[in-house]
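This report looks at a few residues and one kind of covalent link, with the cut-offs behind each term given along the way.

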Amino acid sequence: MLGDFWEMCRGFSLLELLTSLVIIGILLGIGFGYAITTQRSQQIQSAGQELQSFVETAKSIAHSHRSSMWIDIQSTNEAGEWSLDLIGQDDSRVLVLNGQRFPLVSLQVNYRDDRILLLGERGKISNGSLIMTINTNLSQGLKLITSYGAGRVRVCSIKGAAYGYSAC
């Protein structure tokens, strides 16, 4: 009787261990995929907020100084390899936003001479857009649009509502 008890309590069979490992592997794979997607989404969302805030702040600085300034944009179309510099009348840097904080985000510039002109006296800003994508995937991303007529700055999603922004 005691021998039967010890035969039943030997441990897990090989099949039970393999089944457990497969289930744990599947759960880890799902969790890892979700973590990567969330990281990408957070980075582009944060980049969109930072860019909009930077341009709005630059516009306010130009208006408060009542002088024309510009935002000089350096972009290599490589993820994280871009920067925006607010340049004053005396060619000094007033404000800087560096893309190294967003290593997955690429920036495509659609402004004349890669500059955003800020007319401080009138509160106007040059027409154009900046497109933010994850690793140059142009099918998804955010677009910062500036409008001269309204002096407006807005961020929208390139393809449908995404990243907390409405579609363009």
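## Basis of the description

Contact here means heavy atoms within 4.5 Å. The model is a predicted one, in which local features need pLDDT of at least 70 and side-chain atom pairs count only at pLDDT 80 or more, while totals for chains, interfaces and linings use all residues. Residues are numbered from 1 along each chain as its sequence is written, and side-chain values use heavy atoms, with hydrogens and water left out.

## G123 and K124

Leaving aside neighbours within four places in sequence, G123 is in contact with K59, H63 and G151. The C-alpha atoms of G123 and H63 are separated by 5.7 Å, although the two residues are 60 apart along the chain. G123 lies in the loop between strand 5 (115-119) and strand 6, strands being DSSP runs of E of at least two residues, numbered from the N terminus. Its relative accessible area is 18%, so G123 is buried (under 20% relative accessible area, with exposed over 50% and partly exposed in between, for a 1.4 Å probe and protein chains only).

K124 is found in strand 6 (residues 124-125) and is likewise buried, at 19%. Not counting residues up to four places away in sequence, K124 touches L117, L118, L119, Y148 and G149.

## The disulfide

The structure holds one disulfide (a pair of cysteine sulfur atoms within 2.5 Å), which joins C156 to C168 with an S to S distance of 2.0 Å. Because C156 lies in strand 9 (residues 152-157) and C168 in the segment after strand 9, the pair ties together parts that are twelve residues apart in sequence. C156 is buried at 0% relative accessibility, whereas C168 is partly exposed at 46%.

Notes. Helices (H or I, at least four residues) and strands (E, at least two) are DSSP runs, numbered from the N terminus.
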